[in-house]
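Subject: Structure handover

Hello,

Here is the structure I promised to pass on. Please open it next to this message.

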Amino acid sequence: MEVKETEISAGCLRDLSVELAGVTLKNPVIPASGCFGYGYGMSEYYDIDVLGSISFKGTTLHPRFGNPLPRVAECTEGLINSVGLQNPGIDAVIAEELPRMRERFHGPIIANISGFSVDEYRECCRRITGESQVAIIELNVSCPNVHGGGMSFGTCPASVAEVVKAVKEVSDLPLFVKLSPNVTDIVEIARSAEDAGADGLCLINTLLGMRIDLKTRRPVVANVMGGFSGRAVFPVALRMVWQVSHACSIPVIGCGGVSTAEDVIEMMMAGARAVEVGTANLIDPWACPRIIEALPEAMEKYNIPSLRSLAVDK
């Protein structure tokens, strides 16, 4: 499947390119962290250079095996996962994963960084800064703060601000903060990140959910609860993208339940500058190229010559 940066449909040129904090993407479609690995695995099935960018698997300072099995539960129009940030650690990502990734993907890379303390976030971001093709850091602040009583960084405005300031001290890469929806006021959290110096925001991360096995009468996921994602969460994600993009002046990446070209356009009409596709990749490995291929026709249908024209006035 070959998809070009711009497509000619009915004699009309459609511009798919977008910009995120000075980083230009050929199109707005980005596989979300945790749903695409490091990308090179999918390169056996299609040319991953058609993608706007790739947000690679959430990375911590030290290797993590992740949570006990089972980690996944199916839901109507969705999925619950409790993988637990399984990853080889920042040094192995830099030494082994990024070189393999760069052989197959030649666009800008988004580094998804996770941590359990401010120092861990800072050190991971310091080490990844300067790596070839890594153009944006995406901070996953849904991790529990081990020095803050176990509460997630992303549920506390002060904690979000603290980690953003710490990372900005050691990295000059554009910094996007991936926000948790499991909060009372998403705008308050977003503004705290912006005020602390974040260059952009990504939302939403997964909602908290669970399933119970009726035969065993026990939770399906060993960790009891996990992150709920998939098409069912799209209206919630869209609402939060709208709220945040109209309250903040920095660019927003929309994420949550996106599975079609129309979803991408709707997210961008709500204020997103680009869109991440997560669970859809697990259902259909060709979800991203299919969405990109369908975008020009959808743009023509709704009289959109350029996706940048959908940007919310800041």
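Below are the findings, grouped by sheets, helices and backbone.

First, the ground rules. This is a predicted model, in which local features need pLDDT of at least 70, side-chain atom pairs count only at pLDDT 80 or more, and totals for chains, interfaces and linings use all residues. Residues are numbered from 1 along each chain as its sequence is written, and side-chain values use heavy atoms, with hydrogens and water left out.

Helices (H or I, at least four residues) and strands (E, at least two) are DSSP runs, numbered from the N terminus.

**The eight-stranded sheet**

Eight strands make an open, parallel sheet. Their order is E5-E18-E17-E12-E11-E10-E9-E6. Two strands pair if DSSP finds at least two bridges between them. The edges belong to strand E5 (29–31) and strand E6 (54–55). Each has a single partner strand, so one side of each has no neighbour in the sheet.

Strand E12 (residues 200–203) runs parallel to strand E17 (residues 252–255), over three bridges. There, Cys 202 stands opposite Ile 253 in E17. Helix H3 packs on this sheet and touches E10 and strand E11 (175–178). Contact here means heavy atoms within 4.5 Å. The direction of H3 makes about 155° with that of E11. Such angles run from 0 to 180 degrees between N-to-C directions, and axes are lines fitted to C-alpha atoms, for helices over the stretch in contact.

The second pairing joins strand E9 (residues 109–113) and E10, parallel over five bridges. Ile 109 faces Val 134 in E10. Strand E10 (residues 134–140) has seven of its seven residues buried, so the rest of the structure largely encloses it. Buried means under 20% relative accessible area, exposed over 50%, and partly exposed in between (1.4 Å probe, protein chains only).

Back to H3, which spans residues 157–168 and holds Ala 166. Is Ala 166 buried or exposed? Its relative accessibility is 5%, so Ala 166 counts as buried. Leaving out residues up to four places away in sequence, Ala 166 touches Val 118 and Arg 122. Ala 166 and Arg 231 are 65 residues apart in sequence; their C-alpha atoms are 35 Å apart in space.

**The four-stranded sheet**

Another open sheet has four strands, in the order E7-E8-E16-E13, with antiparallel pairing. Strand E7 (72–75) and strand E13 (207–209) stand at its edges. Each has a single partner strand, so one side of each lacks a neighbour in the sheet. From one strand to the next, the twist averages 35°. E13 pairs with strand E16 (residues 226–229) in the antiparallel sense, over three bridges. Look for Leu 207 there: its bridge partner in E16 is Phe 228.

**Two helix pairs**

Helix H6 (residues 261–270) packs with helix H8 (residues 287–301) at about 65°, with axes 8 Å apart. H6 and H8 are therefore roughly perpendicular. Angles under 35 degrees count as roughly parallel, over 145 as roughly antiparallel, 65 to 115 as roughly perpendicular, and the rest as oblique. H6 contributes Ala 261, Glu 262, Val 264 and Ile 265 to the contact; H8 contributes Ile 291, Ala 294, Leu 295, Ala 298 and Met 299. By class, that contact has eight nonpolar, no polar and one charged residues. Here Ala, Val, Leu, Ile, Met, Phe, Trp, Tyr, Cys and Pro count as nonpolar, Asp, Glu, Lys and Arg as charged, and the others, Gly among them, as polar.

The axes of helix H1 (residues 90–104) and helix H2 (residues 118–128) come within 9 Å and cross at roughly 25°. That makes H1 roughly parallel to H2. In H1, Ile 90, Asp 91, Ile 94 and Leu 98 meet Cys 124, Arg 127 and Ile 128 of H2. This contact divides into five nonpolar, no polar and two charged residues.

**Backbone points to check**

Most residues other than glycine have a negative phi, and most peptide bonds are trans. These are the exceptions to look at:

- Leu 69 and Pro 70 are joined by a cis peptide bond, with omega about -5°. Pro 70 sits in the loop between E6 and E7.
- The bond from Leu 203 to Ile 204 is cis, with omega near 15°. Ile 204 is in the loop between E12 and E13.
- Glu 77 has a positive phi, near 55°. Glu 77 lies in the loop between E7 and strand E8 (78–81), and is partly exposed at 45% relative accessibility.
- Leu 85 has a positive phi, near 60°. Leu 85 lies in the loop between E8 and H1, and is partly exposed at 23%.

Best wishes
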